[in-house]
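Trainee: Could you go through this structure with me? I would like to take the contacts one at a time.

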Number of protein chains: 2
Amino acid sequence: MQNDFTTQRIPAKGYAVSSKDDKFQPFTFSRHPVGENDVLVEILYAGICHSDIHSARSEWREGIYPMVPGHEIAGRVVAIGNKVSKFKVGDYAGIGCMVNSCGECEACKKSQEQFCENGKTVFTYDCLDCFHDNEPHYGGYSDNIVVNEKFAIKVPQNAPLEKVAPLLCAGITTYSPLKFSKVKKGSKVGVAGFGGLGSMAVKYAVVMGADVGVFARNDNKKQEAFDMGAKSFYTSTDGVKEKFDLIISTIPTPYDVMAYVKLLGYGGELAIVGLPPAAVSPKINIANLVWSANRRVYGSLIGGIKETQEMLDFSLENKIYPETEIILAKDIDKAYENLTTGKAKFRYVIDMKKSS
Amino acid sequence: MQNDFTTQRIPAKGYAVSSKDDKFQPFTFSRHPVGENDVLVEILYAGICHSDIHSARSEWREGIYPMVPGHEIAGRVVAIGNKVSKFKVGDYAGIGCMVNSCGECEACKKSQEQFCENGKTVFTYDCLDCFHDNEPHYGGYSDNIVVNEKFAIKVPQNAPLEKVAPLLCAGITTYSPLKFSKVKKGSKVGVAGFGGLGSMAVKYAVVMGADVGVFARNDNKKQEAFDMGAKSFYTSTDGVKEKFDLIISTIPTPYDVMAYVKLLGYGGELAIVGLPPAAVSPKINIANLVWSANRRVYGSLIGGIKETQEMLDFSLENKIYPETEIILAKDIDKAYENLTTGKAKFRYVIDMKKSS
């Protein structure tokens, strides 16, 4: 049986959009055979990330269609290549935003594969796979996936898989800047945008010992914020008196970036992880940075594989999980609508097994 | 004699523009009497900063006219208020970009007077003096100035005053981000824009032990850069292979900010100190920061008084001086023209004594 997997293409069933204006439809396709360093993972859960919506609708750039989104993937290893050492059949595995990279450049050697200096980062979907004849790579809204074992995250057998899935993007995206900015006990951390990413940022920051303030578009989720350990909650930056060491902006829509810079203390940092649609992406006038001097702004883009494993271990150890709502694949369009209109509470996760 | 100074307004002669399109003309005015904590300084040298041009021409915002620019001031104390302890008559003193602030807020207490939280920073010119009936404050292109002793920098008697003057803005503006970004031996520092500010940044960074690369608009001053200790020199960011820990941008005209962000290594920082005219001030799309993640951008605005004194002491100890060309006040318009067209080599300094 395994020999077939290593020589023949793997049949897969997923859910795809065929254009930026399309709704999701069942989509039958195939994946490349399991290479000697690859694992074949049966996908059990796939989280829905706001990036999926931006990509499916070509809001960042023109997408590659048909597109099977999904880069928050948790499942079970069902076949392995003959050089695989990290997994055995039956293990749980997680796959996030990347499935391959050159492995040889300085960035890859430091496990910052998202910055592969040879431009060979293969993102999980909406990306051509330069290691496999430039075929489009399809994401997690499907029943299986084949990836290099280096890009599969080890997940212990007792982990709640449906909660693990969203960690692979929402988790690492918020964990990484908290570590990059060296958040520690007593740090003042603001979290702007309180959806799937924002709620994870709050939970991590609280466990790291920070005093956390939340900025949300309305007060629908105020109680949830306090339940997660936030100390303050705002629906506007106007009149806010406290100053922050770090503000993580997860906001996926246009907003006034400088309003958050002005809430930083001397030496404070604004980490931007939310990416509004390209057509309305906010801009920072450098003159404003000079007049609000000594406050740093940076972007953060997921995190490397090593840090993703560290994030997952940290999350499980501290029982930091996303708030999730399990849905079936037939409800993806509805979920997108709820996320776009702000009606979604936190993270939708597709139960792929039940969807088939 | 001193009693007169403390009760009567001080007559002053300076050089002013009466509108943004005007040329400089002699201008007779008066300054407030010497308060108990004030010093009256006879101005001997006044540097010409690119900010003077932006302000005189209302390029940042509508200016306050008549305007006497100049915030790089060196001179001799000729009278003191009865509570002054830092200076005695005959001492040398330097005055930079600020002449007063509230002194009571957290920022002022930390000697970050440029960020006075009560909005009471009095800049040396083009600013109303809230401590003196909101009269316009006039700058250094004049024969004297009255300031609170806290805002006068101590200058030893053996210092070359004409070289000290530009340090009070060009020096502190470049010294401050080098310290803020913790430049040390072996740091890779880029300096973008190689005029009055840029050349100071190069000299400080070299003395701090950094490997310095210079980005200039042409190679007219390539030899000067190497003479100052720069290791590399570029006239474009295209194709540059080296990565920097810190790039200080002193560029006063429109440019592609992201081109410099992309030359930063992981964790590197772009410090912006140059302020192009407001109408053409560059903007950073936050999406680009995310795609070039983990590179920080911040603005830096002169520096506090305590750090300015530290900078001056450091400069004198290490004999770090600006390249200067002494001119007379009648040549200010010509100097502005040369600075605007890139013909000026480095810093023009007005000899106020010879100009009168």
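Trainee: How many salt bridges are there between chain A and chain B?

Mentor: There are two salt bridges between chain A and chain B, where a salt bridge is a side-chain nitrogen of Lys or Arg within 4 Å of a carboxyl oxygen of Asp or Glu. In one of them, Glu269(B) pairs with Arg296(A), with the closest N and O atoms 2.7 Å apart. Please keep in mind that this is a predicted model, in which local features need pLDDT of at least 70 and side-chain atom pairs count only at pLDDT 80 or more, while totals for chains, interfaces and linings use all residues. Residues are numbered from 1 along each chain as its sequence is written, chains are lettered from A and ligands numbered from 1 in the order in which they are written, and side-chain values use heavy atoms, with hydrogens and water left out.

Trainee: And how many residues does each chain bring to the contact?

Mentor: Chain A brings 33 residues and chain B brings 33 residues, with contact meaning heavy atoms within 4.5 Å. The two chains bury about 3,300 Å² between them, 67% of it on carbon and sulfur atoms; buried area is the accessible area (1.4 Å probe) that two parts lose on being put together, summed over both. On the chain A side, Phe180(A), Ile286(A) and Arg296(A) lose the most area to chain B, together 22% of what that side buries.

Trainee: OK, new topic: which domains is chain A divided into?

Mentor: Chain A is divided into domain 1 (2-158 + 323-355) and domain 2 (170-299), with bounds that come from an automatic or database domain assignment. Their centres, taken over C-alpha atoms, are 28 Å apart.

Trainee: How much area do those two bury between them?

Mentor: Domain 1 and domain 2 of chain A bury about 1,100 Å² between them, and 55% of that is on carbon and sulfur atoms. In domain 1, the residues that lose the most area to domain 2 are Trp60(A), Lys345(A) and Phe346(A), together 45% of what that side buries. One salt bridge is found across this interface.

Trainee: What does Pro160(A) touch?

Mentor: Not counting residues up to four places away in sequence, Pro160(A) touches Leu316(A) and Tyr321(A).
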